[in-house]
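This report describes selected packing and backbone features of one protein model. Please consult the sequence and the structure shown below while reading.

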Amino acid sequence: MAAPNADWTRVSTGPVPYSAFLKPIQKSQQDDRDYRLIKLDNGLEVMLVHDAKADKAAASLDVAVGHLYDPDDMPGLAHFCEHLLFMGTEQFPRENEYSEFLAKNNGSSNAFTGTSNTNYYFSVATNALSGALERFAAFFHCPLFAPSCTSRELNAVDSEHKKNHQSDMWRIFQLNKHLSKPGHVWSKFGSGNRESLTQVGRDLLAKGLLEGSGQKGPIGHLKSANGSSAATPLSSRIPSPAPSSSSVSSELEGDGGVVGRETRRRLVEWWSKEYCASRMRLCVIGKESLDELAEMVAKLFSPIANRGRDPLPMINDHPFGPNEKCTLVSTQTIMAFHVCEISFPLPYQPPYWQYQPGHFLAHFVGHEGPGSLHSYLKNKGWITALSAGPQNLARGFAMFKVTLHLTKEGFDNYRAATLAVFKYLALLRSSSFPAWYQREMSIIRGTRFRFAEKRRPEDYAVWLTEHMAWPTPRELIISAPQLVQEWDENEKPISQGEKQVREILQDLRVDQGRAFLMAKAEEHERLRGPLQWEKEPWYGTPYRVEGLDENFVAEAQGPNDIPELFLPGPNEFLPTNLEVEKHEVDQPARRPFLIRHTPLSVLWHKKDDQFWVPKANVVFEVRSPVAGTSARATVLTRLYADLVNDALTEFTYDADLAGLSYNFASQLLGLYITLTGYNDKLHVLAHHVLERARNLQIKPDRLEVMKDQAKRDWENFFLGQPYRLSDYYGRYLMSEKQWTVEEKLAELSSITAKEVEEHVVQMLANINMRILAVGNLRSDEAIQLAEMVENILQAQPISPSEVVERCLIPPDASNYVWPTLVRNPKEPNSSLTYYVHMGSFLKPQLRVTSALLAQILAEPAFNILRTREQLGYIVSCSQWTSSGESELGLRILVQSERGPGYLEGRVDAFLDEMKEKIETMSPEEFAEQKAGLERRWREKAKNLDEEFNRYFTHIDSGYVDFYRRESDANLLNAITQDDVLSLFLSRVHHSSSSRAKISIQLRSQQPRPKKVSREAISAFVNMIADRGFSAANAPWKEVFPDDTEPLFAQFAQYWQDTLAQEDWNVPSDAAKELLESLPALLEQYPAKTESEAVIPDDVSVIQDVAAFKSSLRVSDKPKPLVDWGDLPTANL
């Protein structure tokens, strides 16, 4: 029961009592939601959010333990627990019950394991919230941890780790953790893999400490190593609010043998100890009243046990000891980039919520205006970007990080660049901080909070549950993290806020920090000659650690002597007019209106009539026939856009801080110039951006920096995730005009400043523009912006139909495969993009039926191909629209260690299974699927950005079909099950004689580890028995269960150890002879998981990509589907 407190009151009106917080929750003036904080008697704290306008509900539950709380001998256990909680509960034992329920009700779910927390969340249609919450709550009081899932979810965790194995972000994150002071929990391997999660069981088995009799307890566990009964959720679980169901009958299949059962035993033991109700914080957002939400939550979540654990366990010890400070760590990267990151120990920041001193310092160190560290290093030609700020690593300790993204010249001068960081910190220590600095930050944060718009409800729920752990007064849970208080100038001799800043600054010194220098191996050795490297154990990342030399330390400890460095002045972009022109309407307008049409541009406009914020979103899409006419032209357009952004940095940085930002980006057809934020000074920023873009002077030195950055980006592209690459190739095959990364790289090196200048003149000489303005702008203000861009660019008009995006259409009765290789030779994963073409996206009946079919297939694709068949971590099935939004199809994506030919076979088998599912689907389930899709289409935009993006999609495509979502939702009612089945059989299933299919088979270059088939295992054991050795009776079945094909290395090692044991009396020469027979058995009885499908004879292999593309039909040019009739009568 919650402790009595004057701020809380006892509520006993419902069936399950709880305590309610009495003070009102401080929220934004813009926020029309109602909030209530309650605490259940088991200690679980809940934020209830009533949103009367919601069309989507959501919930998030945050548990105050993450991977730093893993047992020392079982890295990854918290992450493994996160995976298994999704796999059935006593109330809802079917593995995919939760995900299937959400999918049918326009919902989705996910979870993540952090360092000090694990967060589970979902979204769902508002009328399905209670059903979703009931399934969700059961995760935390009656999970099955079904033995049948153990081996599969070990594989899923392993696959997730292998997906990240070639990712520099993950590799460097773990290396940073590895290089902690001895024994510190920060060094733990958080994601885990199969090896880390089964090592304990394998070690115990090798020592004979695990029972191999297979005698199970009531839910399938073995006795623990010391003979005591294994812990299970049953012993400590409070009864469920509804009668619990029994476990599924197949629970013991796939339990991973005696080793897997030991991992499961340890998991249940850990969960029973660490998952405590008082450690949980829940947020529920729904349309129900606060009283209804409270009653629902109290009933469903009160069964969670309070195990008496510390509600918010802290780790106050910092991972930096004396040996970690004042060091330089050099590390090799997979991708080509140069980065230097300097980290300093920092106190855990949430207790400093009032003044947020870490963010105060980040404002200066990360500033990009005149006098800044960024400006100095950029003018030297040493960086492309700089970031700085506090980072809470775990609950109890933090870092202040300064990250320099270096150019090649900057990498060559990394010592001087790093020294400049310490000089700037010295400048800060010697400078005064007038209170107006903090006041300015307070104003910016206060304005942002005042006009904060709604976001996706699941994102908001996650944000709330994570911040409920902050040590703020409960009424400030929402406001405290978002606001910052001004310094009290009456506090003498120094305000508390400034004192906190000064204390942190004193520790941002060279003898307290650690520098991380990241680059490819050849770059390190080009700079410093041959080096000796160590390897991080989990990812194999090469690194070396050395102390910073005395001369560098002495210089870094000195005062600032760089005259170009000085502190920023007042921000001239702070908005002064925050008035919202508000005219209440019965219903918000459903589309923008065409209010201006000249030979050069069209202007669509919608005055905000529902969000009521002093903000606007404006985009100028500039289309030119010159922009993407060749690979070289595409490169020139990109470099121009990069140079514009580079030139604008100092001027626009203050605007960005003040909540007004721009984006100047290249695209195949030309340029996107986007402005978003407070509308007060939007026209000032727009004018400056356009003037600078039109009159840009190309500086050869900056061009070389941009070329080098583009080169790295494009080279690194091929080192990304295989599934992204196979999708890229699929898009490329079906795009009329798209230049490959290889083609662009071939052009890059020879481009000159003069050529860029000439290209810009030609590109901007003849254009057509599509403009959209949405938000707190009147139509006359929007017209002034359109006139401004036309006057500044001074271009000649071209026909809108001259520059459009079109796609290529695969012919009916075709079956194409494009086999190619993953470029990264160390990437273990292959990928398959499997695409079937359905027809025109412009045909409403086909579009709606296709979307419904994709909805029906999406959840089973994940459940079957990932969860059941364990093909890999990345699996998805979705509707795919073409370039230009004119054609559509269905795309199934799988990334796996299995070969792509095998994956394609499994996709075909999945489609066989789906044929039966659609044929036998009950009318009730079909109606549920339709209802879920209809709710998705009828969802309203949550904020100005979402509304803007919906409108611009239709303007960009040229079809201006603004009512499509609504008309499709209306049409959905007429779609029958026969319509879906007919489309599936004619356009998707592989038996169809008319379907058009293209698959991209992207194969890993890594040889797959050899596995041992069940037949080979039996043959080997029989061989031992035939030789008369009793070792054939060894408990090998406990190590290699019936449903597995073990790795050859593990199998051989097991038998080598077993045959060497004296108890079995196997002579060494006989043991050697037996082990030497294994390779022949592997050849004679190949493993099923090793098999790789051969491309059938009736499949057309794409060998000449250009010839293939030229053989495809080009889609029609887009044209408006609706004549809205807005002109010439629009009200200007």
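Helices H20 and H25 cross in a right-handed sense. In this predicted model, the axes of H20 (residues 682-694) and H25 (residues 779-793) come within 10 Å of each other, and the crossing angle is roughly 20°. Because angles under 35 degrees count as roughly parallel, H20 is described as roughly parallel to H25. On the H20 side, the contact is formed by Leu682, His683, Ala686, His687, Leu690, Glu691 and Arg694. H25 contributes Leu785, Met788, Val789, Ile792 and Leu793. Sorted by class, the contact between H20 and H25 comprises 8 nonpolar, 2 polar and 2 charged residues.

The largest nonpolar core holds 104 residues, and Phe136, Tyr275 and Phe301 touch the most other members. Helix H9 (residues 290-301) supplies the largest share of this core, with 8 residues. Apart from this core lies another, of 82 residues, which includes Leu660, Ala710, Leu733 and Leu793. In soluble globular proteins, nonpolar side chains tend to be buried together.

Phe136 can be examined individually. When its neighbours within four places in sequence are left aside, Phe136 is in contact with Leu61, Tyr98, Tyr120, Tyr121, Phe122, Leu282 and Phe301.

The loop between strand S26 (874-881) and strand S27 (887-896) contains Gly884. Is Gly884 buried or exposed? Its relative accessibility is 11%, so Gly884 counts as buried, the cut-off being under 20%. Residues up to four places away in sequence not being counted, Gly884 touches Glu805, Ser957 and Tyr959. The C-alpha atoms of Gly884 and Tyr640 are 24 Å apart in space, with a separation of 244 residues in sequence.

Glu885 also lies in the loop between S26 and S27. With a relative accessible area of 24%, Glu885 is partly exposed.

The backbone also has a cis peptide bond, from Lys492 to Pro493, with omega near 0°. Pro493 is placed in the loop between helix H15 (457-467) and helix H16 (496-507).

| Residue | Phi |
|---|---|
| Cys326 | near 55° |
| Glu885 | about 60° |

Of these residues, Cys326 lies in the loop between H9 and strand S9 (327-332).

Methods:
Residues numbered from 1 in each chain as written. Predicted model: local features only at pLDDT ≥ 70, side-chain atom pairs only at ≥ 80, totals over all residues. Heavy atoms only, no water. Core = buried A, V, L, I, M, F, W, Y, C linked by side-chain atoms within 4.5 Å. Buried < 20%, exposed > 50% of the residue type's maximum accessible area, 1.4 Å probe, protein only. Helix = DSSP H or I, 4+ residues; strand = E, 2+ residues; numbered from the N terminus. Contact = heavy atoms within 4.5 Å. Axes fitted to C-alpha atoms, helices over the stretch in contact; angles between N-to-C directions. Parallel < 35°, antiparallel > 145°, perpendicular 65-115°, else oblique. Left-handed = near helix turned anticlockwise from the far one by under 90°. Nonpolar A, V, L, I, M, F, W, Y, C, P; charged D, E, K, R; others polar.
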